[in-house]
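Colleague: I would like to learn how to read a protein model, one feature at a time. Could we go through one together?

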Amino acid sequence: MMLSPDQAADSDHPSSAHSDPESLGGADAKVLGSVSDLEQVEEAEGDGKGGSRAALYPHPQQLSREEKRRRRRATAKYRSAHATRERIRVEAFNLAFAELRKLLPTLPPDKKLSKIEILRLAICYISYLNHVLDV
């Protein structure tokens, strides 16, 4: 949603009825630093009506903790690091399931099992071993 510079100036002064910007629709609900905000700044600077970059991009100390977190998470470096951590986590998770699968008796022994089947079979096998020890 594109706003004229006059509307953008009005949106800098939120009404007292809505103190939470995320509860509002339109430009107030957008994350600061988005492409559309940049377009608004370029339009405001280009038409000579005096749009202020500081009005659309408050000083970092004026941002809420949530807004700072959103900006940090939006960087390519953060996304790349997060994807790497997630890939390592999933690989470790799958390795643990493979090791557990090797310990469970099934016929045939090389039968492919889903993760939930491995867990259910492990529960049954542990229960069986407890029963054998009790007898």
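Colleague: Where is Thr106 found?

Modeller: Keep in mind that this is a predicted model. Thr106 sits in the loop between α5 (76–103) and α6.

Colleague: Is Thr106 buried or exposed?

Modeller: The cut-off to remember is that buried means under 20% relative accessible area. Thr106 has 16% relative accessibility, so Thr106 counts as buried.

Colleague: And what does Thr106 touch, leaving out residues up to four places away in sequence?

Modeller: Thr106 touches Arg101, Leu113 and Leu121 on that count. With the side chain of Arg101, the side chain of Thr106 makes a polar contact of 2.8 Å. A polar atom of the Thr106 side chain also lies 3.2 Å from the backbone oxygen of Pro108.

Colleague: Leu113 came up there. Which residues form the largest nonpolar core?

Modeller: Let's start with the general idea. In soluble globular proteins, nonpolar side chains tend to be buried together. Here, the largest nonpolar core has five residues, namely Phe97, Leu104, Leu113, Ile118 and Ala122. Leu113 touches Ile118, and its other contacts beyond four places in sequence are Arg101, Thr106 and Leu121.

Colleague: What about nonpolar residues on the surface: which ones form a patch?

Modeller: Look at Tyr128, Leu129 and Val132, which together have about 280 Å² of accessible area in a nonpolar patch. Leu129 belongs to helix α6 (residues 115–134). Its relative accessibility is 36%, so Leu129 counts as partly exposed.

Colleague: Now for charges. How many salt bridges does the structure hold?

Modeller: Again, the general idea comes before the case. Side chains of opposite charge can pair when their charged atoms come close. This structure holds three salt bridges. Glu66 meets Arg69 at 3.1 Å, N to O, and Glu66 meets Arg70 at 3.8 Å.

Colleague: How far apart in the helix are Glu66 and Arg69?

Modeller: They are three residues apart in helix α4 (residues 65–73), about one turn of the helix. Glu66 and Arg70 are four residues apart in α4, again about one turn. Glu66 is partly exposed, at 32% relative accessible area, and Arg69 is partly exposed at 30%.

Colleague: Which residue forms a salt bridge with Glu86?

Modeller: That is Arg89, with the closest N and O atoms 2.8 Å apart. Glu86 and Arg89 both lie in helix α5, three residues apart.

Colleague: Last one: what is the overall pattern along the sequence?

Modeller: The pattern reads α-α-α-α-α-α, with six helices and zero strands. Of the 135 residues, 15% are buried.

Terms used:
Residues are numbered from 1 along each chain as its sequence is written. This is a predicted model: local features need pLDDT of at least 70, side-chain atom pairs count only at pLDDT 80 or more; totals for chains, interfaces and linings use all residues. Side-chain values use heavy atoms; hydrogens and water are left out. Helices (H or I, at least four residues) and strands (E, at least two) are DSSP runs, numbered from the N terminus. Buried means under 20% relative accessible area, exposed over 50%, partly exposed in between (1.4 Å probe, protein chains only). Patches are made of residues with over 30% relative accessible area and no salt bridge: like charges are joined within 9 Å, nonpolar side chains (Val, Leu, Ile, Met, Phe, Trp, Tyr) within 5 Å. Accessible areas come from the Shrake-Rupley method with a 1.4 Å probe; for residues, only the protein chains shown count as cover. A salt bridge is a side-chain nitrogen of Lys or Arg within 4 Å of a carboxyl oxygen of Asp or Glu. A polar contact is a pair of N or O atoms within 3.5 Å; within protein, one must be able to donate a hydrogen and the other to accept it, and residues adjacent in sequence count only if both atoms are side-chain atoms. Contact means heavy atoms within 4.5 Å. A nonpolar core is a set of buried Ala, Val, Leu, Ile, Met, Phe, Trp, Tyr and Cys residues joined through side-chain atoms within 4.5 Å.
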